[in-house]
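Hi everyone, thanks for coming. Let me bring the model up on the screen, and then we can walk through it together.

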Amino acid sequence: SDFCKEKGYTLDKSLDLHYIGRSGFKGDNIHRGRLGVFLKMVEDGKIPKGSILAIESFDRLSRQAISKTLSVMLDIVNAGVEIVTLNDGRRWNTETIDNVGDLMFSIIIMSRANEESVQKGKRIKAAWVGKRKAMSEGKQVRYRLPFWLQHQEGKTTVVAEKAEVVRRIFKLA
C-alpha cells in the first residue's frame, strides 16, 4: 500500500481482511467475516503489540451503533494495535483515545457511518413497499431480472436459449 511505502512500514500480506459482501451495519464483517478473525488474533496475542491496522475509514471497521463500533475500536487499541484511518491520516492509539477531542471526533465519524446505513435501509425498504403496492395494482415495475428473463411488451418473458443453460446447470449439479 502507498501508506506503508510512505511511512517505511512492511505490509503483512498474509492476512486477507477484505470482507466483500459482509455487512458492516449488521456486524457480519465481525461475526462471520475476516475482521472477526483479525480481532480473535489480536485477542490471542497473535497480532503483535505495535502493529498497525490501516483502514480506509471507520465505516470499513463497522457501521453498527456507536457503542459497538467504539467497543471494537477500543479492544483493538487497548491490545496495543494502532488504527490508522487512511482517508484522513488520523492515528488511533492509547494516547489519542485518551484525548477527548480525538475521541469525540471518532465517535462523530462512527455516528455518521451508522446513520448513513440506517437511512439507506429506510430508503430501500420504502422503495420495495412502493414496488409491491404498484405490482398489487397491476402496474409493471422495472427491476433487474435474472439473465434468462426479459421485459418485453409490458410482460416478463423467458429467453429460451439462456433458460436452457440454467436448466443444464441444474441438471449437472
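I'll talk about a sheet, a helix and a pair of rings. Please keep in mind that what you see is a predicted model.

Let's begin with the sheet. It is open, it has 3 strands in the order S1-S2-S3, and its pairing is mixed. Which strands sit at the edges? Those are S1, residues 52-55, and S3, residues 90-92, each of which pairs on one side only. Going from one strand to the next, the twist averages 20°.

As a quick reminder, strands of a sheet pair through backbone hydrogen bonds, and they can do so in a parallel or an antiparallel way. Here, S2, which covers residues 82-85, pairs with S3 in the antiparallel sense, over 3 bridges. If you'd like a spot to look for on the screen, find Ile-83: opposite it, in S3, stands Trp-92.

Now for the helix. H5 spans residues 66-78 and lies across S1, S2 and S3. Relative to S2, helix H5 runs at about 125°.

Last, the rings. How many aromatic pairs does the structure hold? There is 1. Its partners are Phe-147 and Trp-148, with 5.3 Å from centre to centre and 90° between the planes, an edge-to-face arrangement. Planes over 60 degrees apart count as edge-to-face, so that is where the label comes from.

And how accessible are these two residues? Phe-147 has a relative accessibility of 48%, so it counts as partly exposed. Trp-148 is partly exposed too, with a relative accessible area of 30%.

That's my tour, and I'm happy to go back to any part of it.

Methods:
Residues numbered from 1 in each chain as written. Predicted model: local features only at pLDDT ≥ 70, side-chain atom pairs only at ≥ 80, totals over all residues. Heavy atoms only, no water. Phe/Tyr/Trp six-rings, centres within 6.5 Å; stacked < 30°, edge-to-face > 60°. Buried < 20%, exposed > 50% of the residue type's maximum accessible area, 1.4 Å probe, protein only. Pairing = 2+ DSSP bridges. Helix = DSSP H or I, 4+ residues; strand = E, 2+ residues; numbered from the N terminus. Axes fitted to C-alpha atoms, helices over the stretch in contact; angles between N-to-C directions. Contact = heavy atoms within 4.5 Å.
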